[in-house]
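Here's a quick walk through one protein chain, from its overall layout down to a few side chains. Have the viewer open and follow along.

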Amino acid sequence: MGQRSQQALDISGFDTLYLGSPIWLYSPAPPLWQFVDNHRFDGQRIVLFNTYNSHFDAAYITELRRRVMARGARSFEHVTVLRGRMPRQIGAPAMLATIEERWLERD
């Protein structure tokens with residue numbers, strides 16, 4: 001089965017873009033990489049947010065930042081929520097409370 005191409009969206013009207021993804025095998029999920037490779041971020045603030053269960057590899061975040069900045073972004077930030085491993089994983093209400101507390105109040 002071949003890989004589907006992703007059509008670029010018009011994101012030029014936004015000052016800040018939040019790009020979200022779970023961490024899969026220590027890296028943001030593949031669809032996020034494809035989105036970055038298919039779009040321009042000229043002059044935009046990019047905030048990558050990830051949820052994860054145990055670890056992520058900072059080298060993947062560094063590479064994603066490099067790609068975003070090469071596509072014209074003015075800044076790049078990375079924020080995370082550690083959900084924990086099953087069955088002790090925090091639920092959606094706690095995750096949303098963490099997001100509001102850590103990220104949304106600082107914008």
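## Ground rules

Helices (H or I, at least four residues) and strands (E, at least two) are DSSP runs, numbered from the N terminus. This is a predicted model: local features need pLDDT of at least 70 and side-chain atom pairs count only at pLDDT 80 or more, while totals for chains, interfaces and linings use all residues. Residues are numbered from 1 along each chain as its sequence is written, and side-chain values use heavy atoms, with hydrogens and water left out.

## The overall layout

The chain has three helices and four strands, and along the sequence they come in the pattern β-β-α-β-α-β-α. Of the 107 residues, 34% are buried (under 20% relative accessible area; exposed is over 50%, and partly exposed is in between, with a 1.4 Å probe and protein chains only).

Contact here means heavy atoms within 4.5 Å. Take the contacts between residues at least 6 apart in sequence: 75% of them join residues at least 24 apart.

## Inside the core

In soluble globular proteins, nonpolar side chains tend to be buried together. A nonpolar core, as used here, is a set of buried Ala, Val, Leu, Ile, Met, Phe, Trp, Tyr and Cys residues joined through side-chain atoms within 4.5 Å. The largest one has 15 residues, and Phe 41, Ile 46 and Val 68 have the most contacts inside it. E1, helix H1 (30-37), E3 and helix H2 (58-70) each give two or more residues to this core, with H1 giving the most, at four residues.

Have a look around Val 68: skipping residues up to four places away in sequence, Val 68 touches Val 36, Phe 41, Ile 46, Ala 73 and Phe 76.

## A buried asparagine

Asn 50 is in strand E3 (residues 45-52), and it's buried, with a relative accessible area of 0%. Its side chain reaches the backbone oxygen of Ser 21 at 2.8 Å. Beyond four places in sequence, the contacts of Asn 50 include Pro 28, Ile 61 and His 78.

## Salt bridges

Side chains of opposite charge can pair when their charged atoms come close. There are five salt bridges in the structure, each a side-chain nitrogen of Lys or Arg within 4 Å of a carboxyl oxygen of Asp or Glu. In one of them, Glu 77 pairs with Arg 45, with the closest N and O atoms 2.6 Å apart. Glu 77 lies in strand E4 (residues 75-82) and Arg 45 in strand E3, so this pair ties together parts that are 32 residues apart in sequence. Glu 77 is partly exposed at 23%, whereas Arg 45 is buried at 14%.

Salt bridges that share partners join Asp 37, Glu 63, Arg 66 and Arg 67 into one network.

## A nonpolar patch outside

Trp 24, Leu 25, Tyr 26 and Tyr 60 make a nonpolar patch on the surface, with about 500 Å² of accessible area together. Patch residues have over 30% relative accessible area and no salt bridge; like charges are joined within 9 Å and nonpolar side chains (Val, Leu, Ile, Met, Phe, Trp, Tyr) within 5 Å. Trp 24 belongs to strand E1 (residues 16-24) and is partly exposed, at 48% relative accessible area.

Methods: Areas by Shrake-Rupley, 256 points an atom, 1.4 Å probe, with all protein chains shown as cover. Polar contact = N/O pair within 3.5 Å; in protein donor to acceptor, adjacent residues only side chain to side chain.
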